[in-house]
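This briefing covers the arrangement of helices and sheets in the structure shown below.

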Amino acid sequence: MPEGDSVYLVARRLDRALKGRRLAHADLRTPSVATVDLTGRTVLANDTHGKHLLTRLSDGLTLHTHLRMQGSWSVVGPGKRLPGRLMGDVRVVLGAEAGSTAYGVLLPVVDVVATSRERDLVGHLGPDPLREDWDPAEAVRRLGRDPQRPLAAALLDQRNLAGLGNLWVNELCFLRGHSPWTPVGDVDLPALVRLAARALRNSAHHPASYQVTTGNTRRGEQHWVAGRAGRPCLRCGTPVRVVDEVPNDPEQRRTWWCPVCQPGPSK
């Protein structure tokens with residue numbers, strides 16, 4: 001599933017293509033909203049909260065989408081379209097007057113709501129470091145509500161801090177020197193939250209640093225532990241360990257860690 005910084009960058013790409021433009025063509029190919037016609041409305045902005053994308057339109061409507069595992073957005077220039085082999089997977093088409101067209105491909109979530117009711121969809125989410133209303137103290141409070149909860153599970157819970165996915169959670173645990181199963185109550189949460197915010201913002205705003213946690217952009221060396229099962233830890237040389245995800249259990253996603261650099265409970 002894309003991380004919050006990935007979705008933020010999708011929003012910026014859609015802004016460049018559609019923001020301030022009137023939709024000459026709009027097609028929603030999801031049964032629940034197939035009869036909604038957005039043609040003629042102007043795209044005001046593309047906002048994000050965590051991994052949720054909110055495309056705000058004139059006349060008080062918001063198109064809400066979520067990529068989950070398989071979804072994506074593609075943008076093509078004026079007069080162009082996606083290859084025919086992909087058109088059967090398109091769920092949303094937003095074509096600007098005399099401009100680009102955005103295609104939402106294999107989007108598992110497509111909703112249209114009154115902009116005034118966006119909170120019905122995203123109000124449960126915790127603070128997001130990429131939003132102007134970022135509240136680090138509230139993120140700390142929410143993370144600390146269950147002191148016995150394993151750290152990785154608490155960080156993955158979007159109700160605590162929105163935007164962290166499996167990659168960032170595993171890397172943050174390494175960078176702070178905690179086992180992913182360390183109880184939240186044993187962690188310096190303000191320091192962790194500061195690091196999480198800095199990492200997400202750096203990734204979102206500096207293309208060369210996108211999801212690079214080691215400072216090294218060489219293939220296979222961008223991350224400390226994520227995706228490095230069985231390979232030497234880049235800090236101490238100990239083989240990185242992994243626990244595979246448990247199907248249908250969001251608290252047991254694939255987890256990587258170095259047993260030396262991250263002492264404490266292990267699965």
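**Helix packing and sheet architecture**

Helix α1 packs against helix α7 (residues 189–205) at an angle of about 35 degrees, and the two axes lie 9 Å apart. The model is a predicted one.

**Contact between α1 and α7**

- The two helices, α1 and α7, cross in the right-handed sense.
- On the α1 side, the contact is formed by Asp 5, Tyr 8 and Leu 9.
- On the α7 side, Leu 200, Ser 203, Ala 204 and His 205 take part.
- By residue class, the contact of α1 with α7 comprises 4 nonpolar, 2 polar and 1 charged residues.

**Sheet β1-β6-β7-β5**

- This open sheet consists of 4 strands in the order β1-β6-β7-β5, with antiparallel pairing.
- Its edge strands are β1 (23–28) and β5 (72–76), each of which pairs on one side only.
- From one strand to the next, the twist averages 15 degrees.
- Strand β1 pairs with β6 (residues 90–96) in the antiparallel sense, over 5 bridges.
- Within this sheet, Asp 27 is placed opposite Val 93 of β6.

**Sheet β2-β3-β4-β8**

- A further open sheet is built from 4 strands in the order β2-β3-β4-β8, and the pairing here is antiparallel.
- The edges are formed by β2 (43–49) and β8 (109–114), and each of these strands pairs on one side only.
- Neighbouring strands of the sheet are turned by 20 degrees against each other on average, direction ignored.
- Strands β2 and β3 (residues 52–57) run antiparallel and are joined by 6 bridges.
- Asn 46 has Thr 55 in β3 as its bridge partner.
- In general terms, the strands of a sheet pair through backbone hydrogen bonds, in either a parallel or an antiparallel manner.

**The place of α1**

- Helix α1 has a helical partner in α7.

Notes. Residues numbered from 1 in each chain as written. Predicted model: local features only at pLDDT ≥ 70, side-chain atom pairs only at ≥ 80, totals over all residues. Heavy atoms only, no water. Pairing = 2+ DSSP bridges. Axes fitted to C-alpha atoms, helices over the stretch in contact; angles between N-to-C directions. Left-handed = near helix turned anticlockwise from the far one by under 90°. Contact = heavy atoms within 4.5 Å. Nonpolar A, V, L, I, M, F, W, Y, C, P; charged D, E, K, R; others polar.
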